[in-house]
Protein chains: 2
Amino acid sequence: MSDAHPSTYDGGNAKIVTACVLIIGNEILSGRTQDENLAFLAKGLNEVGVRLREARVILDIAETIVATVNEARHKYDYVFTTGGIGPTHDDITSPCVADAFGVPLIIHPEARRLLESHYPPGALNEARLRMAQVPEGATLLPNPISRAPGFQMGNVFVLPGVPQIMRAIFGELQHRLKGGAKVYSRSVSCALGEGNIAKPLAELQARFADLDIGSYPYFRRADFGTTLVLRGTDRDRLAEATEALKTVIRELGGEPSEGMSED
Amino acid sequence: MSDAHPSTYDGGNAKIVTACVLIIGNEILSGRTQDENLAFLAKGLNEVGVRLREARVILDIAETIVATVNEARHKYDYVFTTGGIGPTHDDITSPCVADAFGVPLIIHPEARRLLESHYPPGALNEARLRMAQVPEGATLLPNPISRAPGFQMGNVFVLPGVPQIMRAIFGELQHRLKGGAKVYSRSVSCALGEGNIAKPLAELQARFADLDIGSYPYFRRADFGTTLVLRGTDRDRLAEATEALKTVIRELGGEPSEGMSED
C-alpha cells in the first residue's frame with residue numbers, strides 16, 4: 001500500500017494516519033439516496049488505526065471530481081471514493097482519477113478476464129467493458145460479489161457506491177492498510193442536561209488535553225440527557241478520565257451509565 | 001435574505017441558486033453518529049428551488065471550520081451548517097463563524113431573553129448563556145422546540161446538529177429562501193441490468209442535454225434491476241424524455257415502471 005504521504009505525530013508521539021472519504025454522486029446531493037457508506041468507512045478505518053478527517057459529497061462533474069481527488073490525495077494519507085464506477089454514462093470516476101494522476105485510462109487485462117468469466121457469452125458489451133477501465137498503474141481491488149473490481153491508484157482507493165458491494169471490497173483491503181495509533185473510545189451517559197455538566201466537562205477536557213471529549217444531548221420520549229464520548233490512543237488515560245467523569249456526574253447528582261465501545 | 005452572491009443561469013436561462021451544507025462534528029467522522037441532516041436539507045432546499053452542490057463533513061477544529069465556512073460562503077449562494085452550537089466546550093461553530101466574517105462574538109439580547117424565559121430561575125448559567133452568542137450583525141433563526149436559536153450571518157445559516165431541532169428551525173426559514181428554477185424529477189425502474197441499457201441511455205442523455213439522467217442499480221433479494229432518475233427544470237422536456245426512456249426499455253424487452261417524484 002502507498003505510504004508516501006508524510007504522517008504526523010500527536011503530542012503523545014502516537015503515529016497519526018489520516019483519511020478522507022469522497023462520496024461521488026448527484027443522488028446523494030438531491031436527497032434521493034441516504035448515504036450509508038460514510039459511517040461504515042469511518043468505523044472500518046478506525047478499526048485499523050486510520051483517522052477519518054474529512055468527507056466530501058460532490059456532484060458527477062468531471063472537473064469537480066479531478067480537483068477534489070487531487071486536493072484530498074495530497075492532504076491525507078489515504079483517500080476513499082465511493083460511487084461512479086458502473087457501466088452507464090454518469091459513471092465517470094475512473095477517467096477522472098486517471099486525469100487527476102495525469103495517466104491514461106486503460107483496460108486492465110485481469111479486470112477484463114474477471115468480467116468475461118462473470119457474464120454469459122455475448123453479454124460483455126462495450127458499456128460493461130468500461131468497468132474494466134482503470135488508470136494506468138492502478139492495482140485492482142477484488143470484488144467478491146459482482147466481479148467488477150474497484151482499484152487503488154497511489155493512495156486513492158476507488159470503491160463502488162452500492163453499500164453491500166463497497167463493504168465487501170473494503171473488507172478485502174481493510175487489513176492491508178497501514179494504520180497508526182488506534183483510537184479507543186468510551187462513553188458515559190447521564191440524565192443531566194448539557195448545560196449542567198458543561199463547566200466541569202470543559203475542566204476535564206483541559207486536564208486530559210491528550211483525549212478528545214465530545215458531548216451529545218439525547219432525547220428519548222419524555223427522557224433526555226447527555227452522552228459524553230471520550231476518545232484517545234492511551235487506554236489507561238481513557239480509563240482515568242472516564243472515572244473522573246463519573247465522579248463529576250455523581251457530584252452533580254447524576255447517575256453515570258457507561259456504554260463502553262472499544263473501537 | 002442575503003442574495004449578494006452572483007447567481008448563474010443554465011442553458012435554458014433558468015436561474016440557478018446554489019447551496020453547500022457543512023456538517024460539523026467529530027461524531028460523524030468517527031462513525032458514532034449516522035448523519036440524518038444532509039438528505040433532509042437536500043430535499044428541503046430542492047423544494048424551494050435551491051440546488052445543493054456540495055456537502056462537507058469536518059472536524060470540530062477552529063481553523064478548519066473558519067477556512068471551510070469562508071470557502072463555501074464565497075462559492076455558493078447559501079451555506080447551511082449543522083452542529084456545534086450547544087453549551088459545551090466542543091461547541092465552537094458560533095465563534096468560528098464570527099472569525100470567518102471578521103466580526104466579534106456578542107451576546108444577542110433577544111437570544112438571552114429567549115433563554116431566560118425558557119429556563120427556570122438560576123438555571124441559565126454561563127455555559128447555557130453561550131447559546132445566546134452570535135457574530136455581531138447576525139439575525140436569529142427561531143427554534144420552536146428548545147428556544148436556543150440558530151442564526152443567519154450573511155449567506156450562512158447556522159443550525160444545530162440534533163435532527164428534530166434542525167428540522168424545526170429549517171422549517172421556519174425554508175420559505176424565506178430566494179430559490180431559482182425548481183428542479184423536478186421523474187424516475188423509471190425496470191428489471192434490466194445497467195449494462196444492458198447503458199448505450200441507449202447515453203444516447204438519450206445526449207439528446208436531452210438540458211436534463212440530468214442518473215442510473216442506479218438496485219438489488220432486492222433475488223430481484224435486481226435499474227432505476228433511472230431524470231431531473232430538470234422543464235416539466236414538458238421531462239415528460240418527453242420519460243416517454244422516450246420507456247420506449248427504450250420496452251425495445252430492450254423490459255417493462256418500465258414509473259415512480260413519479262415531483263420534487
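In the predicted model, B:His108 counts as buried because 21 C-beta neighbours lie inside 10 Å, the cut-off for burial being 20 or more. This residue sits in the loop between strand S5 (105-107) and helix H5 (109-118) of chain B. When neighbours within four places in sequence are set aside, B:His108 is in contact with B:Ala132, B:Val134 and B:Leu140.

Chain A is assigned two domains, domain 1 (8-176) and domain 2 (184-261). The C-alpha centres of these two domains of chain A are 36 Å apart. Helix H4 (residues 93-101) of chain A is mostly covered, with seven of its nine residues buried. The buried residues of H4(A) are A:Thr93, A:Ser94, A:Cys96, A:Val97, A:Ala98, A:Asp99 and A:Ala100. Just after H4(A), A:Gly102 adopts a positive phi of about 70 degrees.

The contact between the chains involves 44 residues from chain A and 44 residues from chain B. On the side of chain A that touches chain B, the elements giving two or more residues are helices H1 (26-29), H2 (37-47), H6 (126-129) and H8 (194-207), together with strands S3 (50-58), S11 (212-220) and S12 (223-232). By residue class, this side of chain A comprises 17 nonpolar, 14 polar and 13 charged residues. S3(A) is joined by five bridges to strand S3 (residues 50-58) of chain B, and the two strands run antiparallel. Across this pairing, A:Val57 stands opposite B:Ala55 in S3(B).

How values were computed: Residues numbered from 1 in each chain as written. Chains lettered and ligands numbered in written order. Predicted model: local features only at pLDDT ≥ 70, side-chain atom pairs only at ≥ 80, totals over all residues. Helix = DSSP H or I, 4+ residues; strand = E, 2+ residues; numbered from the N terminus. Buried ≥ 20, exposed ≤ 12 C-beta atoms within 10 Å, placed from the backbone. Contact = placed C-beta atoms within 7 Å. Domains from an automatic or database assignment. Nonpolar A, V, L, I, M, F, W, Y, C, P; charged D, E, K, R; others polar. Pairing = 2+ DSSP bridges.
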